[in-house]
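Reader: Hi! Could you walk me through this one while I have it open?
Author: Happy to, let's take a look together.

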Amino acid sequence: MLNELKNEWKKTIEAELRSYLGTDEIPELSIGVPPKSDMGDAAFPMFPYAKSAGKAPALIAKDIMEALSGKDHPEGEMLVAGPYLNIRFDIPSLSGKILEEAEKGGDLYGHVSDLSGKKIMVEFSCPNTNKPLHLGHMRNDSLGESVSHLLKAAGAEVMKVNLINNRGVHICKSMLAYKLFGNGETPESTGEKGDHFVGRYYVRFANWEKEAEEAKKANPDIINDPSFIDPDTEAQKMLRLWEAGDKETRELWQKMNDWTLSGLAESYKNMGISFDRLYYESETYKLGRSEVMKGLEMGVFKKEEDGSVQVDLSPIGLDKKVLLRRDGTTLYMTQDLGTAVKRHEDWPFDSLIYVVASEQNYHFKVLFYVLSLLGYDWAKELHHLSYGMVNLPEGKMKSREGTVVDADDLLEELTVLAKNEIEAKGREEAVGDVSETARKIALGALNYYLLQVQPQHDMVFDPKKSISFNGNTGPYLQYTCARISSILRKYEEAKDEYDGAESNCSLLVNDDEKLLLKSIESFPETVRKAALNYDPSIIASCLYDNAKTFSHYYHDNQILKAETKELSVTRIRLIRALRTVMKNGFELIGVPYLESM
RNA sequence: GAUCCUGUAGCUCAGCUGGAUAGAGCGUCCGCCUCCUAAGCGGAAGGUCAGCAGUUCAAAUCUGCUCAGGAUCACCA
């Protein structure tokens, strides 16, 4: 609505400028926003026309305003602010329409149709089955889930997929450690969550490996000692057994995978993450071979003298890449090739988005190129949503140094903190289910924290300070929304008192009310921008601005006991529309909505 | 060495399709609960937007170079 108006103004002013300057060739007029709301709602700078007019920008602004004021022009009031020609819209007269849109839209307000008819697959998470999730995975999961919601809100049909990395030598490592040191214990017998149980054996292997290294360093001859077992050699041996389908190895593998996966499923559930389809690397890792063979026949790949198959990447400024080992076995790249092709067969998508850390930029650049060499025209619709690392104040998280922030632990700690807050404020009764509310606050805090940073940027997480419930945080947004809900509840309870009072949008005249109206009006535009850029941080900052404005508004103005009943009823409409925007926005960034907190 | 990413307040981050006085939160200091939830609100202090040069009427924003940090460049995944 406001955008259309701005564009109409732009065209009108440009037309006037053409006749003013006596030429059709004028620089495009840019649309800005004045720094303060009392300066108007749209700003058109006149600088670019100063030279050809031979006049100061301020004078041009004045002339154009005078010229236009006698003519037909779009809705709004012109004012000159130095070198700018500003337009002030009559927000109160538009506010009825704005609120109606939001009321009509309801839970779907903010949804747009830019991507309607598009089928988009989003791949994210992709855990290993040898350890639990950590903070880095959480950023991936939050992003993947949020982007999926954004794409749906933009009209797309979305398929969320996960690729479980359940094979390879790293998986064998935890299996081997369990086999040697496990003594038959199980998650049930120790009372551990399955993924943590298996993860403990993965760590056990790493320690064993370290001990063996030291033993070898102390006594190089030890490798000839028949009683010495080299961990890495042993793990490789196990991998070969696995690939050969050895019954005992496969059974152990199956058992440990199940343990991990049931643990991961619980974590996903707690984090509000879900998938429409799971792919398992054990089922996909061989899929790429026939694609590579096809490429060989097509002549786009080359068989080297040593028997390996390689692709020449010089057209995209890179070196060479092996696609099939000389022994004919497959690689990560081979697997991803096959998986992509299979996915397109399973569900012919218009676009596939890989949510994977920026460390793998090279891999995806090559993958997309190779798929295009194979003649898949959908290869150009593949996107790598590359996101930055989550670092600690002292640098990278390192499992060896035990600095990895475990996902379950973090969520649990936050839940306890939230619970303490609820109790400290004496809100147990108001909140109802304390544990459930605490859990939702924790989740809101975490998702908001992870999503407020632009995906591409690395971020720093300080376990001691980072997650707070005050200020620019998820709980602040939840709190603001809960206050709105509280007012709306009270209004419903005392509705009789407002009988006969009609809402009158022309009463919404103060600055905060105008800001909120503008934000409500532009919410669909905000969603569109976030969806098309795969960037949830745009939603996060919009919601934060709203919460901030509302808090200020709330502090200075009575809603239920405004000067007149009419005004109260109108403000109720405003904050109800605001809650719609907040709630719908929450949905997009994984912040649970709370009726009360 | 090559390629890519990043550098904005003490810390964590916005702002970047060039436009008016560079914004938040945390932390520090000072105020505000007879009032719809103080997980709140207001105020103060805090900046050479890494540096240099260029393009432009106008540069945190675009270009180049320099410096600093990170990632990648495996017949690992």
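Author: Let's start with β5, which is joined to strand β6 (residues 277-280) by four bridges, the two running parallel. Keep in mind that this is a predicted model.

Reader: Thanks! Which residue in β6 is the bridge partner of Leu 163?
Author: Leu 163 has Tyr 279 as its bridge partner in β6.

Reader: And how many bridges join β4 to β5?
Author: Five, between β5 and strand β4 (residues 119-123), and these two run parallel. Within that pairing, Val 122 has Lys 160 of β5 as its bridge partner.

Reader: Which helix makes a β-α-β unit with β4 and β5?
Author: That's helix α5 (residues 135-153), and the unit is right-handed.

Reader: How many residues of β5 are buried?
Author: Seven of the eight residues in β5 (residues 157-164) are buried, so the strand is largely enclosed by the rest of the structure.

Reader: Nice. Let me jump to Gln 335. Where is it found?
Author: Gln 335 sits in helix α13, which covers residues 332-346.

Reader: Buried or exposed?
Author: Buried: the relative accessible area of Gln 335 is 2%, and the cut-off for buried is under 20%.

Reader: What is Gln 335 in contact with, leaving aside its neighbours within four places in sequence?
Author: Its contacts are Leu 163, Glu 281, Thr 284 and Tyr 285.

Reader: Changing topic, in what order do the strands of the open sheet come?
Author: The order is β7-β8-β9, three strands with antiparallel pairing. At the edges stand β7 (302-303) and β9 (320-324); each has a single partner strand, so one side of each is left without a neighbour in the sheet.

Reader: What packs on that sheet?
Author: Helix α14 (residues 361-373) does, touching β8 and β9, and its direction makes about 70 degrees with that of β9. As for β8 (residues 309-312), four bridges join it to β9, with Val 311 and Lys 321 among the bridge partners.

Reader: Last one: at what angle do α19 and α21 pack?
Author: About 35 degrees, with the axes of α19 (residues 511-532) and α21 (residues 565-589) 10 Å apart. The crossing is left-handed.

Reader: And which residues meet there?
Author: From α19, Leu 516, Ile 520 and Phe 523 are among them, and the α21 side includes Leu 574, Leu 578 and Val 581. The residues of this contact divide into 10 nonpolar, two polar and two charged.

Note on methods
Residues numbered from 1 in each chain as written. Chains lettered and ligands numbered in written order. Predicted model: local features only at pLDDT ≥ 70, side-chain atom pairs only at ≥ 80, totals over all residues. Heavy atoms only, no water. Buried < 20%, exposed > 50% of the residue type's maximum accessible area, 1.4 Å probe, protein only. Contact = heavy atoms within 4.5 Å. Axes fitted to C-alpha atoms, helices over the stretch in contact; angles between N-to-C directions. Left-handed = near helix turned anticlockwise from the far one by under 90°. Nonpolar A, V, L, I, M, F, W, Y, C, P; charged D, E, K, R; others polar. Pairing = 2+ DSSP bridges. Right-handed = clockwise from strand over helix to strand, strands pointing away.
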